[in-house]
Amino acid sequence: MSPRHTPSLLGPPARARFQKAGVLTSLALVIAGGLVTPAAAAAKAVSERPAATPRTGDKCKPHKPHHARVGAEAYTGKDKCKGATGATGPKGATGPKGATGATGATGATGPTGATGATGATGPSGENGTPGATGATGATGPTGATGATGPVGPCTEIDASQDSNNFELRAALTPPVMGGPNRTYAGIRDLTTATPGPFLWTDLTGHPNYPQNACGISIAQHSQGNQVEGDLRIDVITTTGAIYETTCAVVTSDRTLNCGNNAWTLVNRQPAPGAVNGGTIIMP
């Protein structure tokens, strides 16, 4: 049967003091006896110092034992079973950027600013009067004369009646399918109760017909039943030249006989400023 261990009535501070006193007493006896030197005795006393017992108060956790301090500093009252502060750990990595917040509502439109003052009127021109009108530019040269346009269609008619048996007509008409204006001589019988129809003879194809004939006339000189050349037809051209031809009136049947009589220039031709004269036509 093991002996019963009676716990000490002294607390940890009292026991520590008694232990310290015992060490000092043993060291003094050894030195006094001359067995060892004071330095050796001190070293031995330190080596024989009992190990500190960890404190197990309410503030010390069993799984984290406190390393007791040796000597007087273990009882300064500042030790709370807390070990030395460890080194600061490295800075953690920066977290990801948070999402951008929604755009706030547009603020109300501010009031319209006041109208600015009207600027001053700019200065007037020199002496306040308009400048003189510039000189008129020189007249440009006269342009070249344009080409003569084509002759327009010439149409005309003339009549003659020196007998109660017939009447005469001369007509100038526009070209047919190109070519010159055309000239016609016509006669109508008046011996019936109702005048007969006009009978026309085309004189355009006669020799020397003027291609630019533009005016016409007819004249009759009756000298019997049938006289060659008792009818004359005249045309005037666009240049002012006068041509004539003749036909015979056949009174027996009131027809014309113009044959193939040529057109000829009358002698004289009209001339500017002429008085009982004109331009002589040389044969």
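Two strands count as paired here if DSSP finds at least two bridges between them. I kept that cut-off in mind while going through this predicted model.

**Entry 1: β7 and β8**

I looked up β7 against β8 (residues 255-257). They pair in the antiparallel sense, over three bridges. Alanine 248 stands opposite asparagine 257 in β8. The two strands make a hairpin with four residues between them. I checked phi at arginine 254 in that hairpin, and it is positive, near 50 degrees.

**Entry 2: β7 and β6**

Next I took β6 (residues 231-237). It pairs with β7 over six bridges, again in the antiparallel sense. I found isoleucine 233 opposite threonine 245 in β7. These strands also form a hairpin, with four residues between them. Glycine 240 sits in the turn and has a positive phi of about 95 degrees.

**Entry 3: β7 and β9**

I then turned to β9 (residues 264-265). Two bridges join it to β7, and the strands run antiparallel. Glutamate 244 stands opposite threonine 264 in β9.

**Entry 4: The core**

I looked up the largest nonpolar core. It has 22 residues. Those with the most contacts inside it are Leu168, Leu203, Leu231, Ile233, Val249, Leu256 and Trp263. β2 (166-173), β3 (182-189), β5 (213-220), β6 and β7 each supply at least two residues of this core. β2 gives the most, with four residues. In soluble globular proteins, nonpolar side chains tend to be buried together.

**Entry 5: Tryptophan 263**

Which residues does tryptophan 263 contact, leaving aside neighbours within four places in sequence? I listed Thr183, Leu203, His206, Pro207, Asn208, Tyr209, Pro210, Ile233, Val235, Tyr243, Glu244 and Thr245.

**Entry 6: The four-stranded sheet**

I moved on to the open sheet of four strands. Its order is β1-β2-β3-β4, and the pairing is antiparallel. The edge strands are β1 (156-160) and β4 (198-202), and each pairs on one side only. The twist averages 20 degrees from one strand to the next.

I also checked β3 against β4. They pair over five bridges, in the antiparallel sense. What is the bridge partner of isoleucine 187 in β4? I found leucine 199.

Notes
Residues numbered from 1 in each chain as written. Predicted model: local features only at pLDDT ≥ 70, side-chain atom pairs only at ≥ 80, totals over all residues. Heavy atoms only, no water. Core = buried A, V, L, I, M, F, W, Y, C linked by side-chain atoms within 4.5 Å. Buried < 20%, exposed > 50% of the residue type's maximum accessible area, 1.4 Å probe, protein only. Contact = heavy atoms within 4.5 Å. Axes fitted to C-alpha atoms, helices over the stretch in contact; angles between N-to-C directions.
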